[in-house]
Amino acid sequence: MTIRILIADDEALLRMAFSTVLEAQPDMAPVGEAADGAQAVHLARELRPDVVLMDVRMPGTDGIEATRQVVRVSPQSRVLILTTFDLDEYAFAGLGAGASGFLLKNTRPEELLTAIRSVSAGDAVLSPRITRRLLENLRPRIPDAGSAEREERLSRLSVREREVLVQVGCGLSNSEIAATLYLAEATVKSHLGRILQKLELRDRIQAVIFAYDSRLIHPV
């Protein structure tokens, strides 16, 4: 399956560089370029890309607001935010707007390509530091008790799937979960896919939030 990608960045040279890297991949195809957030939203609605590479700082509608609109007008599109600035506020705002990942523009090409494939497959892409900071910022909003709806959704999971969800909630990667639970990494990936499906969640980030909201993970 070819991953269709929309590139949104106000710098033409960067758009060209990203496009060149993507075109060299047999499983990827850049389908459009946007120079600002408003154009990104328009093209996402029109082209329905699998992944949107979204810059944060763009004229007019910035990347955060554009992300919020893209996931609304093209729900099947996954947004991967790329920025020059390693700032928590950008990461949290982007994730809150519905992005599935956050990377710096100086990320190596092979890491970018891996991230695109992961996001397209429904996973989330976050550095361990951003995951830890996300968990820390979630703590103040932990509810006093799980709702009946959350309990009903949790009941859909097997014992092993709950164990995997707890590890996801702790911020562990698939390989770390595999080592912790003595499973193959492919098995962890399969469990995670079923967890997202059963809990009706979009990606790994929503799974982390669900784990906290359901009190599977307790603040320390």
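**Terms and values**

Mentor: Of the 220 residues in the protein, 47% are buried, that is, under 20% relative accessible area with a 1.4 Å probe and protein chains only, where over 50% is exposed and anything in between is partly exposed. The model is predicted, so local features need pLDDT of at least 70 and side-chain atom pairs pLDDT 80 or more, while totals for chains, interfaces and linings use all residues. Residues are numbered from 1 along each chain as its sequence is written, and side-chain values use heavy atoms, without hydrogens and water.

Trainee: What makes up the secondary structure, and how many helices and strands are there?

Mentor: The protein has eleven helices and five strands; these are DSSP runs numbered from the N terminus, with helices (H or I) of at least four residues and strands (E) of at least two. Among contacts (heavy atoms within 4.5 Å) between residues at least 6 apart in sequence, 68% join residues at least 24 apart.

Trainee: What makes a set of residues a nonpolar core, and how many residues has the largest?

Mentor: Such a core consists of buried Ala, Val, Leu, Ile, Met, Phe, Trp, Tyr and Cys residues joined through side-chain atoms within 4.5 Å. The largest one holds 23 residues, and Ala-8, Val-52, Met-54, Val-70, Val-79 and Ile-81 have the most contacts inside it. Two or more residues each come from strand E1 (3–8), helix H2 (37–47), strand E3 (51–55), helix H3 (63–73), strand E4 (78–83) and helix H4 (88–97). H3 contributes the most, with five residues.

Trainee: Which residues does Val-79 touch?

Mentor: Not counting residues up to four places away in sequence, Val-79 touches Val-52, Met-54, Thr-67, Val-70, Val-71, Ala-99, Ser-100 and Gly-101. Another core of 21 residues lies apart from the largest one, with Ile-177, Leu-181, Val-188 and Ala-211 among its members.

Trainee: Why is the pair H8 and H9 called oblique?

Mentor: Helix H8 (residues 159–169) packs against helix H9 (residues 174–181) at an angle of about 130°, and their axes are 10 Å apart. Under 35 degrees would be roughly parallel, over 145 roughly antiparallel and 65 to 115 roughly perpendicular, with the rest oblique. H8 and H9 are therefore oblique to each other. The crossing of H8 past H9 is right-handed. Arg-160, Glu-163, Val-164, Gln-167 and Val-168 of H8 make the contact with Ile-177, Thr-180 and Leu-181 of H9.

Trainee: How do the residues of this contact divide by class?

Mentor: The contact of H8 with H9 has four nonpolar, two polar and two charged residues. Asp, Glu, Lys and Arg count as charged, Ala, Val, Leu, Ile, Met, Phe, Trp, Tyr, Cys and Pro as nonpolar, and the others, Gly among them, as polar.

Trainee: How do you know that Gln-167 is buried?

Mentor: Gln-167, in helix H8, has a relative accessible area of 15% and is therefore buried. Beyond four places in sequence, Gln-167 touches Leu-172, Ile-177, Thr-180 and Leu-181. The buried residues of H8 are Glu-161, Val-164, Leu-165, Gln-167, Val-168 and Gly-169. After H8 comes Gly-171, with a positive phi near 90°.

Trainee: What makes H9 roughly perpendicular to helix H10?

Mentor: The axes of H9 and helix H10 (residues 185–199) come within 8 Å and cross at roughly 110°. H9 is therefore roughly perpendicular to H10. Asn-174, Ser-175, Ile-177 and Ala-178 of H9 meet Glu-185, Val-188, Lys-189 and Leu-192 of H10. That contact has four nonpolar, two polar and two charged residues.

Trainee: Why is Tyr-182 called exposed?

Mentor: Tyr-182 has a relative accessible area of 76% and is therefore exposed. Tyr-182 sits in the loop between H9 and H10, with a positive phi of about 60° although it is not a glycine.

Trainee: And what makes Glu-200 exposed?

Mentor: The relative accessible area of Glu-200 is 58%, so Glu-200 is exposed. Glu-200 lies in the loop between H10 and helix H11 (204–213). Its phi is positive, about 60°, although Glu-200 is not a glycine.

Trainee: Why does Ala-211 count as buried?

Mentor: Ala-211, found in helix H11, has 0% relative accessibility and therefore counts as buried. Not counting residues up to four places away in sequence, Ala-211 touches Leu-165, Gly-169, Leu-216 and Ile-217.

Notes
Axes fitted to C-alpha atoms, helices over the stretch in contact; angles between N-to-C directions. Left-handed = near helix turned anticlockwise from the far one by under 90°.
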